[in-house]
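Visitor: Could you take me through one part of this model up close? I'd like to look at the place where the two chains meet.

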Amino acid sequence: MNWTETARSALDSLIERRTRSALTMLGILIGIAAVILTVGLGEGAQSRVSSAISALGTNMLIVTPGSVTTGAVRGGLGSSSTLTLADAQALGSKLNCPDIAEVAPVTQKSLVLTAGSANWTAPVAGTTPSYLAVRNRQVVAGQPFTQADVTTQAHTAIVGSEVAQNLFGSASPVGRTIDVSGVPFSIAGELNTAGSSASANQDNIVLIPITTAEDMFGQTGPYAQSVSTILLSASSPATMGAAYDEAQDLLLQLHQIRNPLQADFTITPQTSLLATASSITKTLTVLLAGIAAIALLVGGIGVMNIMLVSVTERVREIGLRKALGATPGVILRQFLIEATILGVAGGILGVGVGVLGALVLPHLVSQPISISVPAIVGSVLVAAIIGLAFGVYPASRAARLSPIDALRSE
Amino acid sequence: MITTGPPRVQGPADPLIELIDVSKTYKMGTMEVHALSDVDLAIHDGEYVAIVGQSGSGKSTLMHILGCLDVPTTGTYRLGGTDVSRMGEAELAEVRNRRIGFVFQQFHLLPRLSAWRNVELPLLYAGMRNRAERKKRADEALEAVGLANRTAHRPTELSGGQQQRVAIARALVTDPAIVLADEPTGNLASDQADEIMTIFESLHTQGRTVVIITHEPDIARRARRLIRLLDGRIVASEMAPVQ
């Protein structure tokens, strides 16, 4: 009996038991749709997180004081103030560090801001004009402050959109005056909206010249010139490694430390944040897809169950076919084809439901869902394999039936 | 001409069916049941044989072995000169398909298939790919049993006698060496039973080998040869008087 005839016979028998076939397919359908939706959800979340992180500044390296490797003696990460403006200036020299494009030292404090009767608390960051380039930010209204403002310790500020919103409502803040801890600043510009990343709200910030900040924050003594962070940007993604090494070597030299393991600073590439964040979402995706895979497995067991029932029910038919000359191989083939049809049909319908869900659900839960082509192709393939694999046992049972016992049974 | 040694070529005098010292033993738990003991039997081409016996006499077992649905525990079965007693499942399936036509007491038609689709089944398993050819052969077989106008009917739309005639058409469609009928009239009213027996008789007059297993003396009497089984042994094998 050739394949076409066997397939037709298999299809006939599935159609004859259409309610049961449909319910069996439903099990596979739900499993496949669940896999497509969870993988899509995971990929959607991942691309959202990576775009949020790259919005913070591509090619960025973050230098923080303190070291995690010697935590027992020193304070933890960021607890000491070992980075200085001199460090930042040295890092900015093309001679020392040819692969570092921009350097922005940052010293930051959370302060009360007042404008008229409104007040608001936000982090105030003293920095240089390079900050915008390193963090990939733009001034959308007004002007950024300049190097001249830094030199002259000007009382000029740039505000984030959330600060502007809370102090001035919908009116433009440019040209207005705010009091930062009682010191008046004129607002030169407003930052673009960047949204919040996992760590911080990028729109709730005030930027002022770093020299002004040093003066205001009132640091004296050995920490007078210290900064809380130095942000660096590499000249391109390819030179991230080189920039990292140059910064590390230079800072070790400036701080007169021989052993890199005893460094009193830590350099964190932005990409490592990205890697951490994407590994978290990846873990979540794998977990969800695992649950979906269990649903699929249950669907497969459903196929096996229904095929076993079908074999038992059709014992006489199988016996007759054998008496008329069907070899065990032909019987095996017919039942395998039946199980595979159940799997593939359930899989294709599951892809339909999954894709529909991926198109409709984002409007309801405001969570992006990617439609992943490999996941679709993979699921149909997996559904076929599941049908086939879970069909093997029932089919071999049918093939092994003795024609005498089969014909005799009532 | 050299005539010694295998391969064995069947001559006109050689029997079509040849059982030599055939026994069949079933294990029922620790008990051994001897369903057939040392059966020797030869049936020639064109014979019309009835095998009779009480239930439990071993006639079903004999029919299963003759029909290649089962193999003997010991002994040899030659069908058309070929030893089939040690064949595997797949080979036996092919022998059944090519050489044996079955007619069962319960008809065993597939209910969702029309008459001709039931009749074409053995041709499908024989590997005949051309659907039109299969349909033609099935229609001819149905015509031969007087059902030319019922080819598209499903079994449920046919009477018991008509269903059994479809089954006979199915048994004949591959042009087998033997037609093996197991209580073919057991589920039929007497007038329909008579119709069926008439068909078997006409098959015999056309020269086909027919073996009928039955416990009904009326049916058995119509055959040309009677083989009586008792407790797994052949106790009588007699030719009917020429009518």
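Guide: Here's a walk through the interface, with a word on confidence at the end. This is a predicted model, where local features need pLDDT of at least 70 and side-chain atom pairs count only at pLDDT 80 or more, while totals for chains, interfaces and linings use all residues. Residues are numbered from 1 along each chain as its sequence is written, chains are lettered from A in the order written, and side-chain values use heavy atoms, leaving out hydrogens and water.

The contact (heavy atoms within 4.5 Å) draws 27 residues from chain A and 24 from chain B. About 2400 Å² is buried between them, with carbon and sulfur atoms giving 56%; that's the accessible area, by a 1.4 Å probe, lost on putting the two parts together, summed over both.

As for charges, the rule finds 4 salt bridges across the interface of chain A and chain B, each a side-chain nitrogen of Lys or Arg within 4 Å of a carboxyl oxygen of Asp or Glu. One pairs B:R112 with A:E317, at 3.2 Å, N to O. On chain A's side, the elements giving two or more residues are α1 (3–16), α10 (315–323), α11 (328–365), α12 (373–400) and α13 (403–408); helices here are DSSP runs (H or I) of at least four residues. By class, that side has 11 nonpolar, 5 polar and 11 charged residues, with Asp, Glu, Lys and Arg counted as charged.

How far to trust it? Chain A averages a pLDDT of 84, on the predictor's per-residue confidence scale from 0 to 100. Among its elements, α10(A) has the highest confidence, at 93.
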